[in-house]
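Hello,

I am passing this structure on to you, and I hope you enjoy looking through it. The sequence and the model come first, and my notes follow.

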Amino acid sequence: MGYMLEIQDVHKTFNAGTINEKVALNGVNLNLNPGDFVTIIGGNGAGKSTTLNAIAGVWSIDAGKIVIDGVDITKLSEHKRAAFLGRVFQDPMTGTAATMSIEENMAIAARRGQRRGLGWGITKKERESFKESLKTLDLGLEDRLSSKVGLLSGGQRQAITLLMASLKKPKLLLLDEHTAALDPKTAAKVLALSDKIISDHNLTAMMVTHNMKDAILHGNRLIMMHEGRVIYDVSGEEKKQLQVADLLKKFEEVSGGEFANDRMMLA
Ligand SMILES: Nc1ncnc2c1ncn2[C@@H]1O[C@H](COP(=O)(O)OP(=O)(O)OP(=O)(O)O)[C@@H](O)[C@H]1O
Ligand SMILES: [Mg+2]
């Protein structure tokens, strides 16, 4: 079987030719097998979010190639790529529409890629299936289908966003510090839920985190980025044996000790 994701020598510079020029991706290479769940760590500005944005097509890359499940998406619009992707960001406000109800939000996700918008209302069958999937969250949200999402907590909103991102099995699930804005207890719950959704649906996923423990604990593979490149890539048994101290050592090696204030260290 082929790769689910191929990133080949991707480069991206912001504000090229100006005083604010920033090389954000400097030759990123990464191949993911179907079902890979890779955690991504690295210091501030290492290029983690930029890598996910390059995959999602937020802007065009300067050089390189991105292939999802055999389809070269390098030149596809963000809108077209959305059909292949599920995304959850750090800010709980971004993944759902606050003024719409839980079921309306879910209907939009469920009808992704179909002509039918929300125009015909929500059918009984849809409502039943939303209830079923909300039950799996174990947050009691299955009884609040018509509640406005804006009334929910950040953790509940992230949980619903995760569910929505996986309603139509995406080829790739992109999580960018999606628990960083939550209190520790809620963050742990949403992380456990992420694990469950990824394994239940056998998703291929990438999860950026600044928490090294979480990066070790979750997924089957871990990469570290630095200055726009993947500088470390471990999987399988080797990853299971990893300790935070190993990652610290690695990070110290590449950053020359100038990392004391990094969020990754402060976690
Ligand atoms: N849209 C943009 N315009 C200009 N510069 C950008 C843009 N997006 C990212 N950058 C810059 O590119 C570099 C990489 O940023 P990126 O957001 O990928 O870092 P990161 O690894 O996600 O870091 P963090 O841990 O802080 O989230 C940074 O120097 C950042 O300021
Ligand atoms: Mg980031």
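**Helices side by side**

Let me start with helix α5 (residues 154-167) and helix α6 (residues 184-200), whose axes come within 10 Å and cross at roughly 10°. Angles under 35 degrees count as roughly parallel, so α5 is roughly parallel to α6. On the α5 side the contact is made by G155, Q158, A159, L162, L163 and S166, and α6 contributes T186, V190, L193, S194 and I197. Sorted by class, this contact of α5 with α6 has 6 nonpolar and 5 polar residues, with no charged ones. Please keep in mind throughout that this is a predicted model.

Helix α3 (residues 102-110) and helix α4 (residues 124-135) have axes that come within 10 Å and cross at roughly 100°. α3 and α4 are therefore roughly perpendicular to each other. Here I102, E103, M106, A107 and A110 of α3 meet R127, F130, S133 and L134 of α4. The contact of α3 with α4 has 6 nonpolar residues, 1 polar residue and 2 charged residues.

**The sheet of 6 strands**

Next, follow the open sheet of 6 strands, which has mixed pairing and the order β6-β7-β8-β3-β9-β10. β6 (85-88) and β10 (229-235) stand at the edges, and each has a single partner strand, so one side of each is left without a neighbour in the sheet. On average, neighbouring strands of this sheet are turned by 20° against each other, direction ignored.

To find the pairing on screen, look for G86, whose bridge partner in β7 is L173.

Helix α1 (residues 48-56) touches β3 (37-42), β6, β7, β8 (205-208) and β9 (221-226), and its direction makes about 145° with that of β7. Helix α9 (residues 244-255) touches β3, β9 and β10, and its direction makes about 25° with that of β9.

**The sheet of 4 strands**

There is also an open sheet of 4 strands, with antiparallel pairing and the order β2-β1-β4-β5. Its edge strands are β2 (22-32) and β5 (71-72), each of which pairs on one side only.

Within this sheet, strand β1 (residues 5-14) and strand β4 (residues 63-68) pair in the antiparallel sense over 5 bridges. E6 stands opposite V67 in β4, and I7 stands opposite I66 in β4.

β4 also runs antiparallel to β5, joined to it by 2 bridges, and I68 stands opposite V71 in β5. Together β4 and β5 form a hairpin with 2 residues between them, and D69 in the turn has a positive phi of about 50°.

**Around the ligand**

Finally, which residues come nearest to ligand 1? Of the 14 residues around ligand 1, these are G45, G47, K48, S49 and T50. On the backbone side, a polar atom of G45 is 2.9 Å from an oxygen atom of ligand 1, and a polar backbone atom of A46 is 3.1 Å from an oxygen atom of the ligand. K48 uses its side chain instead: an N or O atom there is 2.8 Å from an oxygen atom of ligand 1.

Best wishes

How values were computed:
Residues are numbered from 1 along each chain as its sequence is written. Chains are lettered from A and ligands numbered from 1 in the order in which they are written. This is a predicted model: local features need pLDDT of at least 70, side-chain atom pairs count only at pLDDT 80 or more; totals for chains, interfaces and linings use all residues. Side-chain values use heavy atoms; hydrogens and water are left out. Two strands pair if DSSP finds at least two bridges between them. Axes are lines fitted to C-alpha atoms, for helices over the stretch in contact, and angles run from 0 to 180 degrees between N-to-C directions. Contact means heavy atoms within 4.5 Å. Angles under 35 degrees count as roughly parallel, over 145 as roughly antiparallel, 65 to 115 as roughly perpendicular and the rest as oblique. Ala, Val, Leu, Ile, Met, Phe, Trp, Tyr, Cys and Pro count as nonpolar, Asp, Glu, Lys and Arg as charged, and the others, Gly among them, as polar. A residue is near a molecule or strand if one of its heavy atoms lies within 4 Å of it. A polar contact is a pair of N or O atoms within 3.5 Å; within protein, one must be able to donate a hydrogen and the other to accept it, and residues adjacent in sequence count only if both atoms are side-chain atoms.
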